[in-house]
Amino acid sequence: MGDVTVNVNNESKKKRSQLHDVWRRFRKSPIAMTGLCVVVFMVLVALFADVIAPSDGRNPGYDIHNLGNRFQAPNAEHIMGTDEFGRDIFARVVHGSRVSLLVGFIVVTFSMTLGVIVGAIAGFFGKVAENILMRFIDVLLSIPPILLAISIAAAMRPGMMSIVLAVGIGALPLYARVMRASVLTVKEQEFIEAAYSIGASKFRIIRKHVLPNCIAPIIVQATMGLAYAILWAAALSFLGIGIQPPTPEWGAMLSEGRMYIRDHWHMVMFPGMAIAIMIFALNMMGDGLRDAFDPRLKK
Amino acid sequence: MHKYILRRLLMMVPVLIGVTFVIFTLTYITEGDPARMLAGIQAPEEQVEQLREQLGLNDPFAVQYFRYITNVARLDFGTSFATGRPVFDEIISRFPTTMHLTAMSIIIAVLIGVPLGILSATKQYSVFDGAATFVGLMGISIPNFWLSLMLILLFGVQLGWLPTSGFDTPSQWILPSFSIGISSAAIIMRMTRSSMLEVLRQDYIRTAKAKGQKGSVIIFRHALKNALIPVITIVGLEIGVLLGGAILTENIFSIAGIGRFMVDAIARRDYPVIQGGVLLLALTFSLVNLIVDVIYAYVDPRIRSQYK
Amino acid sequence: MKKRLIATLMLFAMIAALVAACAQDDSAANGGAGANGGDAVPAVDDHLIVVARGLAVNMHPHEALDMNSAYLLNLVFDPLFRLNYATMEIEYALAESSEMSEDATSLNITLRPGVTFHNGDPVNAEVVRDSLYHTMNSPLVGFLISMVDNIEVNDELNLTINLAAPFAPIRRHLTHSGTAIIHPDTTNDNPIGTGAFIQESIVLDDRVELVANENWWGENAGINRITWRAMPEGTARLIEIETGGAHIAWDVNPSDLPRIEAHDNLNVHRSSSIETHFMAFQCEKAPFNDIRVRHAIAYALDIPLLSYTAYEGTGSPADSFLTPVVVYHHSIAPRAQNLDRARELMAEAGFADGFSTTLEFNSENQIYAQLAVMIASMLREINIDAEILQFEWGAYLDRVLAGEHELMLLSWNTITGDADYGLFDTHHSSGFPFGGNQSFYSNPATDALLEEGRSTLDSARRAEIYRLVQEQAFEAANILNIHHDERLHAAVASVRGFGVNPTGIIDLWNVFFG
Amino acid sequence: MSDILLKIEDLTVHYITDDGTVHAVNDLNLSLNKGETLGLVGETGAGKTTTALSIMGLVPNPPGKVINGEVEFEGEKLFEKSEAELRQVRGNKISMIFQDPMTSLNPIMTVRDQIAEVVLLHENLTAKEAKEKADEMLLKVGIRADRAKEFPHQFSGGMRQRVVIAIALACNPVLLIADEPTTALDVTIQAQVLELMKELKKEFNTAMVMITHDLGIVAEICDNVAIMYAGSVVEQAGKEELFTNPKHPYTIGLFNSIPDIDSDDSVLKPIKGLMPDPTNLPTGCPFHPRCDLAMPQCSEILPKRTEISENHYVKCLLFDGGG
């Protein structure tokens with residue numbers, strides 16, 4: 001989560017073919033490709049959750065109770081076992097991917113949009129705007145994210161919105177910082193001066209020249225940020241202030257299973273593994289992307 | 001340098017004021033009336049109203065905030081709604097435990113992360129490097145609250161080797177420190193590795209080789225010192241992360257530190273404690289960053305000369 | 001070659017760090033993991049180690065209302081009266097005798113002679129009066145004796161409490177730790193009471209050390225010292241006594257019962273409780289203002305199944321708002337699940353296609369999450385879509401008191417053990433929006449009965465009154481009682497004399513090692 | 001005993017990467033006498049630096065690999081030496097000056113320490129003496145001793161290159177390899193640094209391999225010249241001979257692409273085409289696709305090294321008759 005390598009080398013000059021190059025380099029890394037495959041797989045699972053673990057007509061697939069069948073250890077019928085209501089944990093893990101990914105995407109979209117705007121303004125305009133914005137970012141950074149998240153979540157009605165804000169505001173500084181650093185680097189480069197010299201307006205320069213050249217680090221950050229968001233959303237649910245039951249959320253499932261950990265380890269094992277694998281895959285992908293955008297590090 | 005430190009200390013003031021403002025606003029708009037929570041569900045409204053008045057909750061936002069800021073300026077952090085003790089005492093008595101946990105974790109993280117990072121970089125492309133990279137990625141991917149549970153399950157419950165709660169004795173330090181230290185170790189390892197690789201590619205390493213210097217001396221004298229400069233930043237950031245991570249860990253391992261206290265305080269709407277605690281954590285975080293920057297300048301003469 | 005050297009060095013450093021961490025581990029006092037399988041920690045000098053959810057929020061008895069505080073306050077402070085843990089009858093504590101006037105408006109109390117505070121100061125009528133006034137003025141616990149008008153000191157040991165209106169169960173209210181007698185210098189950090197134990201030291205959030213009060217007026221069976229440690233997780237508390245870190249685990253999870261029972265060296269101590277868990281309707285809000293909807297939902301729920309599943313077979317399905325140990329409890333079996341009847345009633349009320357609602361509870365109670373999930377699933381059978389919302393306690397209180405909830409889960413502790421405390425606040429129309437009537441239930445007949453009940457001394461008449469109230473409540477179905485709780489504690493086998501009060505309090509001075 | 005100090009025979013170095021094998025140096029032959037200065041000239045990517053690193057035994061491995069060939073220094077075969085023995089040579093008997101002075105110095109060590117380091121390694125001196133020697137070397141390259149405690153970032157590029165030169169000459173090497181030592185410097189500074197090198201070379205009586213793409217520098221300080229193309233030396237001769245009588249079409253092309261102030265002819269004649277991709281060298285003579293005089297067999301036969309007059313070697317089929 002912490003290591004952000006900002007890197008805007010000469011991305012500027014050759015753009016189109018570069019995307020192709022990035023993909024070529026990305027494809028070559030087995031770790032990155034594994035990550036991508038797992039992520040794609042998870043997305044497919046999320047999309048087809050209702051097919052994989054269908055509803056019984058009245059109850060959604062993740063909330064079919066069978067009280068005669070509680071706490072089953074993993075077996076042929078329930079490959080991940082059942083929980084305290086006899087619900088199939090596999091079905092819940094499958095549906096949980098939907099929640100985690102959805103939360104993750106919304107959080108990333110939210111914090112990336114805001115972060116990019118803040119970072120771009122701070123980086124490009126400098127002076128007063130930068131001072132104010134970056135001090136604000138410092139304020140957010142110096143509050144432990146989990147406390148910030150708990151406080152934000154406590155201030156709102158529980159649910160998707162509170163999670164998005166709680167996690168998203170905590171993640172905002174990451175994007176703002178990356179964006180500002182890239183803008184500062186790009187701004188110094190000669191083609192920006194060239195653009196000025198032919199009379200381009202500030203906004204045109206930001207839109208046409210600065211932003212496209214900051215995309216690489218932001219994409220990398222967003223991939224890692226997705227992992228970050230999923231992790232924190234799970235942490236909040238683990239503390240009982242995230243997604244509401246019976247909607248399956250991996251962190252919430254962990255928290256439920258925690259009470260039974262000694263006798264029914266499978267209840268914490270599988271949701272935990274789902275989180276770990278998801279984040280692992282995203283991080284592998286993020287690493288691969290970073291290396292692909294910045295071949296200097298690999299060679 | 002002194003001037004620089006002083007300037008940085010002064011720059012902390014607006015940030016900390018910002019922190020109090022953010023937290024004050026958040027607690028102000030948060031649902032949940034501290035007076036009602038203290039008095040309970042069946043207390044008559046007049047009685048709760050009396051309590052509100054007593055706690056100063058009836059004043060307008062600006063008045064409350066201004067009062068808080070002026071009190072803080074006089075180092076008066078108020079008294080806890082719930083316990084009636086001065087917030088400063090409440091926090092200071094729990095702070096050492098949290099710092100202890102954080103320090104243990106960061107020591108573990110550095111002791112594991114830096115050597116593995118160096119090894120992995122000097123043996124780039126070897127099986128060891130591959131394995132270390134993989135494990136490092138895994139380390140940053142495993143949620144530490146899950147890792148905590150698994151460690152408890154394995155070492156506490158199944159094997160019975162280690163206690164699973166408290167933080168008084170060295171054996172009690174191990175599980176909590178490791179469960180939050182591991183992800184930092186992974187991050188530090190990754191940073192050390194990439195920074196080391198970067199440095200090993202530098203021309204001055206070739207210069208050192210051309211001098212006829214030994215490989216191990218090159219790694220320690222020339223490469224390591226240069227490579228550790230960005231690692232110091234990460235360690236500083238990780239201390240902040242660990243301070244935050246301690247909040248979850250303290251809850252899972254029943255450690256009487258500031259994190260658990262803060263979570264309780266948020267649940268109880270104990271505003272003075274929430275504000276005081278966040279303020280202290282933010283101050284710690286800023287100070288750690290300052291120390292990191294000073295160390296940075298100490299290690300890197302290029303930066304030192306900028307501060308003169 | 002050099003690389004191997006580095007590797008060796010690093011390995012050495014890591015091992016050194018670990019060894020350093022483990023060194024002198026054994027010198028530690030508590031908390032070290034014993035051998036697996038649970039050898040009990042030996043009782044050294046009658047030193048009892050208790051692991052509980054938490055420490056007192058406040059050790060000033062008049063500034064705390066939470067259960068953790070109540071447990072510890074009971075050891076350090078004495079009220080005038082106590083409840084017998086087995087019979088729930090009133091016993092004398094600091095009072096030696098008492099007499100209620102026939103119109104139930106005044107109470108004469110004679111104090112136990114020769115009692116002193118921990119600091120040696122004597123307890124006399126004046127001190128008791130001041131302490132009770134202090135309670136009355138406390139915003140937190142004042143409600144407990146808000147019916148008191150004034151207190152007269154008659155002589156050194158006699159005083160009269162005059163009530164503003166007849167109030168029969170006053171003595172039961174004087175058993176609450178909120179009315180315990182304090183030394184005027186008492187603070188949170190320096191609790192000065194008359195109790196069986198003296199607070200020696202405290203590590204915030206972590207532990208309290210108590211030593212026996214040699215001069216206590218009561219009988220201490222044999223505990224010299226108590227270490228009371230905070231451990232919020234039920235599982236962690238159990239592991240702690242299994243591995244020999246403590247003698248008593250205060251509150252264990254129902255799901256851990258089989259494990260404790262199978263353990264040679266551990267005993268479960270169970271007792272009935274004064275706590276009932278229930279689901280309340282916001283009866284002022286549509287559609288719950290329609291009794292048919294409330295009845296439909298009552299028929300849709302399988303109360304015994306809910307109780308059994310969520311509480312793992314402990315306690316019992318609720319048969320009243322009062323638990324069986326509360327005086328004047330009257331048992332009425334819950335409506336048996338009958339989905340056809342439920343759908344019929346829904347159709348009659350015009351909700352054949354159901355409706356959407358919310359089911360709210362306090363997020364700190366994990367078992368409520370289970371209840372809520374099951375209830376929501378049962379309601380789906382009659383086309384009611386209940387969205388589950390967990391709130392933190394503070395936010396929850398706000399919503400509930402403002403009547404913003406629709407369906408809610410909550411519990412009620414009848415801490416005085418008397419039906420008045422259980423039913424008046426929760427069923428009298430003066431109890432909302434503030435005061436405990438979260439179902440916003442209003443029935444003039446019930447109101448009249450409840451008012452009569454608290455001013456009547458005749459217990460036969462009171463039994464009749466509260467039977468009627470409980471029947472009316474059942475018919476109104478403003479509240480669906482789900483579960484009567486059971487107190488579960490675990491202790492190592494050598495702990496004797498362990499008696500759990502339905503209020504959850506354990507009088508640890510009765511405990512001894514055997 | 002012969003005067004030959006350094007002899008490279010049939011050296012072939014490849015870099016094996018994901019994108020293919022880079023044929024950096026191919027069948028390279030070169031020799032250098034004691035005290036002599038050899039200019040190694042070629043375009044960027046011709047393999048000059050790799051050749052220099054091969055002499056030092058510092059070709060980064062992986063990905064670099066010496067496939068074939070021999071480097072003989074003072075009659076000893078360097079590739080047969082152990083790493084420890086090689087370290088005794090590096091910085092001591094052979095030292096090297098790198099192209100970019102901005103990055104060749106450790107940013108967090110004082111310049112004095114960086115010079116003293118090499119002295120300590122190879123001379124039997126105490127730390128104090130080594131520092132004194134370092135200060136002495138700094139004086140020699142024109143830096144005041146009171147700046148010895150400063151860090152590289154406090155020096156300008158030219159000054160830093162002086163420090164690098166001081167490091168290289170500190171142990172009085174027999175052979176100095178200078179890899180484009182002035183390319184990264186301003187023109188005026190270039191002249192100063194070159195002048196300094198010339199003086200010091202004379203003072204220390206050091207043989208030197210001057211790697212450059214600048215024929216002007218060659219004219220100024222070299223005794224012999226070797227022209228490199230696509231990883232091998234295509235022509236080697238004495239400076240006078242090569243400048244007056246170049247034989248290889250590539251050498252001729254190089255001279256033609258230098259503007260000549262004396263000539264009225266304002267049109268340059270650059271060599272057509274580009275350097276071949278080192279991962280995919282053309283068959284036969286690697287220069288043939290760009291060669292005006294290419295013959296059909298040029299694309300098939302790799303020319304051998306031929307001595308066409310005394311001490312003048314060419315690698316071209318045009319002169320390969322006797323071969």
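This is a predicted model: local features need pLDDT of at least 70, side-chain atom pairs count only at pLDDT 80 or more; totals for chains, interfaces and linings use all residues.

Reader: OK, confidence then. What's the mean pLDDT of chain A?

Author: The mean is 83, and 92% of the residues of chain A reach 70 or more.

Reader: Which elements of chain A have the lowest and the highest mean pLDDT?

Author: Helix 1 of chain A, residues 16–28, has the lowest at 77. Helix 2 of chain A, residues 30–47, has the highest at 92. Watch residues 1–14 of chain A, too: the pLDDT there is below 50. That stretch still has 38 contacts in the model beyond near neighbours in sequence.

Reader: Switching to chain C. Which residues are on the covered face of strand 7?

Author: C:Leu159, C:Ile161 and C:Leu163. The uncovered face has C:Asn158, C:Thr160 and C:Asn162.

Reader: And what does strand 7 of chain C pair with?

Author: Strand 5 of chain C pairs with it in the antiparallel sense over five bridges, and C:Leu107 has C:Ile161 as its bridge partner. Strand 6 of chain C also runs antiparallel to strand 7, joined by five bridges. There, C:Val153 stands opposite C:Leu159.

Reader: How many residues sit between strands 6 and 7 of chain C?

Author: Four, and the two strands form a hairpin.

Reader: Last one: how many residues do chains D and B put into their contact?

Author: Chain D gives 25 and chain B gives 19. Helix 3 of chain D makes the largest share of chain D's side, with four residues. That side divides into twelve nonpolar, nine polar and four charged residues.

How values were computed
Residues are numbered from 1 along each chain as its sequence is written. Chains are lettered from A and ligands numbered from 1 in the order in which they are written. Two residues are in contact if their C-beta atoms, placed from the backbone, lie within 7 Å. Ala, Val, Leu, Ile, Met, Phe, Trp, Tyr, Cys and Pro count as nonpolar, Asp, Glu, Lys and Arg as charged, and the others, Gly among them, as polar. pLDDT is the predictor's confidence in each residue, from 0 to 100. A residue is buried if 20 or more other C-beta atoms lie within 10 Å of its own, exposed if 12 or fewer, and partly exposed in between; C-beta atoms are placed from the backbone. Two strands pair if DSSP finds at least two bridges between them.
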